[in-house]
Amino acid sequence: MKQLLLQIFTWWNGQTMGTRFFTWRHGKRVGEDEFGNVYYEGPMTSWGQPKRWVIYNGYADASKIASGWHGWMHYRTDTPPSKEDYKAREWEKAHRPNMTGTAAAYRPQGSIAVHGERPRVTGDYDAWTPGS
């Protein structure tokens, strides 16, 4: 019952009722990633390519799309990782959640949230001021 209410009243937890209905009618399951996100393909778009979407496992955060699936989602490849022996390259980093708004967010020296002074810039930069 809780899951049903979340689907009716929220968009950031998994899928909405509209997405569930559209997926039921038109979606063809393509695969699943290591985070439990499920990827679908559907009818053709106006530019002649099949629609592609993901149903997130839990909170909807686009950074949770696995690196192998990212290329497929953005039409860089037509072969999903579930239909090939995809191996992540050494330079591909593992998922880290978006920490914006938390205590672990990136706060460089000199920002409003961190005490201290911003590092001085080199002489090749002159700040713009009105009237100059």
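Predicted model: local features only at pLDDT ≥ 70, side-chain atom pairs only at ≥ 80, totals over all residues.
Q: How do S2 and S3 run, parallel or antiparallel?
A: Two strands pair if DSSP finds at least two bridges between them. S2 and S3 run antiparallel and are joined by five bridges.

Q: How many aromatic pairs does the structure hold?
A: Rings of Phe, Tyr and Trp (its six-membered ring) pair if their centres lie within 6.5 Å; planes under 30 degrees apart count as stacked, over 60 as edge-to-face and the rest as tilted. The structure holds six such pairs. Tyr39 and Trp72 form an edge-to-face pair, because their ring centres are 6.5 Å apart and their planes stand at 90°. Tyr39 is in strand S2 (residues 38-44) and Trp72 in helix H3 (residues 67-73), so this pair links distant parts of the chain, 33 residues apart.

Q: Are Tyr39 and Trp72 buried or exposed?
A: Buried means under 20% relative accessible area, exposed over 50%, and partly exposed in between (1.4 Å probe, protein chains only). Tyr39 is buried at 0%, and Trp72 is buried at 1%.

Q: What kind of pair do Tyr40 and Trp53 form?
A: Their rings are stacked, 5.9 Å centre to centre with 15° between the planes. Tyr40 lies in strand S2 and Trp53 in strand S3 (residues 50-55), so the pair ties together parts that are 13 residues apart in sequence. Both are buried: Tyr40 has a relative accessible area of 15% and Trp53 one of 12%. Ring pairs also bring Phe22 into a cluster with Tyr40 and Trp53.

Q: Which residues make up the largest nonpolar core?
A: A nonpolar core is a set of buried Ala, Val, Leu, Ile, Met, Phe, Trp, Tyr and Cys residues joined through side-chain atoms within 4.5 Å. The largest one has nine residues: Val30, Tyr39, Val54, Tyr56, Ile65, Ala66, Trp69, Trp72 and Met73. Helix H3 gives the most to this core, with three residues.

Q: Which side chain makes a polar contact with the side chain of Glu41?
A: A polar contact is a pair of N or O atoms within 3.5 Å; within protein, one must be able to donate a hydrogen and the other to accept it, and residues adjacent in sequence count only if both atoms are side-chain atoms. Glu41 lies in strand S2, and its side chain makes such a contact with that of Arg52 (3.2 Å).

How values were computed. Residues numbered from 1 in each chain as written. Heavy atoms only, no water. Helix = DSSP H or I, 4+ residues; strand = E, 2+ residues; numbered from the N terminus.
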